[in-house]
Each structure stands twice: as structure tokens, then as C-alpha cells.
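Here is a friendly briefing to read with the structure open beside you.

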Amino acid sequence: MNIGEISYTNIIPLYYYLDRERLMDQGVTITHAVPSKINRLMENQLVDIGGISSFSFGKNADHYSLVPDLSVSSYGRVNSIFLFSKHKIEDLSGKKIALTSSSETSVALLKIVLDRFYSVEVSYQVETPHFKKMLENYDACLLIGDDAISAYRKRGSYHVYDLGEIWYQQTGLPMIFAVMAYRNEMETEKGSLLSYVGKSMIESKERCQREKFIPVIERVLAKHGGTFQFWESYFNGLNYQFSGEHEKGLNLYFQLAVECGLLKTMPSILKYSYK
């Protein structure tokens with residue numbers, strides 16, 4: 001079994017306390033990559049279970065199921081998915097926007113936000129995430145994860161919009177950016193291992209929450225810098241559950257993606273039932 005691990009700080013709590021030595025002894029490998037790459041690897045059957053973009057799950061819902069009770073979501077500000085713009089968001093009609101190549105969920109979310117909530121028409125181009133270069137050539141840029149956090153620190157006079165905040169203001173529902181999903185054949189091919197991995201991820205999340213994310217924050221501080229207060233606020237502002245409200249939010253996101261022509265059909269959400 002190959003586990004896909006998104007290489008961004010926001011998803012660390014779901015993996016932090018995995019017994020990696022035990023997993024290795026059972027023949028498990030772990031692949032680290034940005035969300036868009038994990039998405040592709042799973043679509044190509046090179047990753048069996050992992051944190052993937054909600055949009056990728058929507059595209060492949062006939063072949064994937066969700067590990068229950070796990071997501072990377074926000075009720076309001078997510079603080080790591082930003083649109084940086086030279087203009088106010090309502091004045092972006094006719095402008096050019098650079099989209100990060102690292103994301104699928106947030107790219108689709110931005111298109112939904114601009115089309116459905118602001119009724120502005122823009123042109124898009126996918127680019128390698130680089131804050132300065134993007135804004136040299138475009139009117140606005142979308143960055144996610146650690147790239148967005150870094151850019152926010154040097155944002156200067158640009159207008160900055162948190163897509164999680166806009167979504168919640170417009171819908172009253174959480175925005176689900178990533179889910180923990182697996183390929184359906186794993187239930188029959190690796191059922192006991194799948195169950196162990198899923199339960200381990202839930203236990204990791206719950207332990208990190210009990211510890212108020214302090215060990216996670218200390219690790220992130222050593223790697224990325226910043227202040228303890230920033231990362232404490234960041235992790236406590238995220239939501240790692242998947243409840244009925246999350247399912248409503250995800251279904252609305254899928255519905256709007258279908259209406260905007262980003263998804264062909266409305267996906268159904270299936271979740272693993274532990275025996």
C-alpha cells in the first residue's frame with residue numbers, strides 16, 4: 001500500500017502520530033507531494049489512500065471512498081488559500097489571474113467564487129507558484145498552502161482575499177479543501193491494512209487536538225519560522241472533522257462546480273464503514 005501525504009503544514013495532524021515503522025514493516029510506503037501531484041498519483045493507481053483535493057475526489061467519486069471523520073476544512077478563514085490582487089475583487093472583470101499549479105480544489109473554488117458570488121469574468125492561466133513572478137505578469141494570483149502563507153507575510157499593498165472566508169460568508173457552510181480518500185479496491189485487496197491506516201489517522205488527529213497542536217506547532221516553527229502565536233491560531237482555526245455540515249458544504253461545492261461546468265456530474269459521497 002502506498003499512502004499519499006500532502007506536503008503542506010495544514011494536513012500534518014492527520015499523519016503526525018502514524019507509526020511509520022510499523023507501516024513500513026507491513027510493506028507500506030509514503031509519498032510526499034503537493035496536492036495536485038498526489039491527486040494524479042492516485043488517479044494513476046500509484047497511491048492507494050491519502051489526503052487529496054476535494055475536487056479530485058469529486059472527479060473520481062465512482063472509484064474512491066472517504067475515510068470517515070477526516071478532512072481539512074474551515075468555518076471561515078483558512079489562512080492559507082489567498083487571492084492576491086492589484087484590484088478589488090469586484091473590479092476584476094476582464095483581468096488576468098494566475099492560478100497555482102499545486103491545487104485543484106482551490107482553483108475550482110476561485111472560479112465558483114468569481115462566477116457565482118461576484119459575477120465577474122476573467123481569464124486564467126496555470127503557473128508554477130511564485131508570488132513575485134505571478135504578479136509581474138498578471139492582475140491577480142491564487143496561492144495555497146505554505147506558498148500562500150509565505151506570500152501573505154510580504155503582501156505589501158495588494159488586496160488579499162481568503163477564499164475560506166468568502167465561501168463561509170456566502171453559504172454559511174464549512175469549506176472542505178481536502179479529504180482522506182482511498183481507492184475502492186483497497187477494501188477487498190487490503191481491507192485490514194486499510195482499516196488500521198484509517199483508524200491511525202483518526203487517532204493522530206484526535207491526539208493532536210488534545211495536545212492543542214503544540215508538538216505540531218514546534219515542528220512547523222523549526223521548519224518554516226514565524227511565531228508560535230501565528231501557528232497556534234492557524235491550526236486552531238482549521239477544522240479536521242467530517243460531519244453532516246461538512247457533507248452539506250462539500251455537496252454544495254460539487255453542485256456549484258457542476259453548474260459552472262467544472263465537473264461533469266454530481267458526485268456521490270461514500271464513506272468507509274469500520275467493522
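Phe-84 has a relative accessibility of 0%, so it counts as buried, the limit being under 20%. This comes from a predicted model, so please read the values below as computed from its atoms. Phe-82 is buried too, at 2% relative accessibility.

**Aromatic pairs**

- The rings of Phe-82 and Phe-84 have centres 5.8 Å apart and planes at 65°, which is over 60 degrees and therefore makes the pair edge-to-face.
- Phe-213 and Phe-235 form a stacked pair, with 5.8 Å from centre to centre and 25° between the planes.
- Phe-213 sits in the loop between helix H9 (191–210) and helix H10 (214–224), while Phe-235 belongs to helix H11 (residues 228–237), so this pair ties together parts that are 22 residues apart in sequence.
- Both partners are covered: Phe-213 is buried with a relative accessible area of 5%, and Phe-235 counts as buried at 0%.
- One aromatic cluster is formed by Phe-213, Phe-230, Trp-231, Tyr-234, Phe-235 and Tyr-240.
- Across the whole structure, the search finds 16 aromatic pairs.

**Charges over rings**

- Arg-153 places its charged end over the ring of Phe-230, 5.8 Å from the ring centre; Phe-230 is one of the members of the aromatic cluster.
- Tyr-152 has Arg-155 over its face, at 3.9 Å from the ring centre.

- Strand S4 (residues 64–74) has ten of its eleven residues buried, so the rest of the structure largely encloses it.
- S4 and strand S10 (residues 175–183) run antiparallel and are joined by seven bridges.
- Across this pairing, Ser-71 stands opposite Val-179 in S10, and Ser-73 stands opposite Ile-176 in S10.
- Strand S3 (residues 49–53) also pairs with S10 in the antiparallel sense, over five bridges.
- S10 itself is mostly covered, with nine of its nine residues buried.

**A closer look at Ser-71**

- Ser-71 belongs to strand S4 and is buried, with a relative accessible area of 1%.
- Leaving out residues up to four places away in sequence, Ser-71 touches Leu-14, Ile-176, Ala-178, Val-179, Asn-239, Tyr-240, Gln-241, Phe-242 and His-246.
- Gln-255 lies 184 residues from Ser-71 along the chain, and their C-alpha atoms are separated by 19 Å.

**A closer look at Cys-208**

- Cys-208 is found in helix H9 and counts as buried at 1% relative accessibility.
- Beyond its neighbours within four places in sequence, Cys-208 is in contact with Pro-13, Tyr-16, Tyr-17, Phe-213 and Val-216.
- One of these contacts, Phe-213, is the residue stacked on Phe-235.
- Tyr-15 is 193 residues away from Cys-208 along the chain, with 9.9 Å between the two C-alpha atoms.

**Helix H6 and its cover**

- The buried residues of helix H6 (residues 145–153) include Gly-145, Asp-146, Ala-148, Ile-149 and Ala-151.
- Their cover includes strand S5 (81–85), helix H5 (131–137), strand S8 (140–144), H10 and H11.
- As a reminder when you view any helix, an α-helix has 3.6 residues a turn, so residues three or four places apart point the same way.

**The chain as a whole**

- The protein chain has twelve helices and ten strands.
- Its radius of gyration is 18 Å, close to the 19 Å that the globule rule gives for 275 residues, so the chain is as compact as a globular protein of that length.
- The C-alpha trace spans about 55 × 45 × 30 Å along the principal axes.
- Of the 275 residues in the chain, 53% are buried.
- Among contacts with a separation of 6 or more, 81% are between residues 24 or more positions apart.
- The accessible surface of the chain is about 12,100 Å², and carbon and sulfur atoms contribute 45% of that.

Note on methods: Residues numbered from 1 in each chain as written. Predicted model: local features only at pLDDT ≥ 70, side-chain atom pairs only at ≥ 80, totals over all residues. Heavy atoms only, no water. Buried < 20%, exposed > 50% of the residue type's maximum accessible area, 1.4 Å probe, protein only. Helix = DSSP H or I, 4+ residues; strand = E, 2+ residues; numbered from the N terminus. Pairing = 2+ DSSP bridges. Phe/Tyr/Trp six-rings, centres within 6.5 Å; stacked < 30°, edge-to-face > 60°. Lys NZ or Arg CZ within 6 Å of the ring centre and 35° of its normal. Rg over C-alpha atoms; globule rule 2.2 N^0.38 Å. Contact = heavy atoms within 4.5 Å. Areas by Shrake-Rupley, 256 points an atom, 1.4 Å probe, with all protein chains shown as cover.
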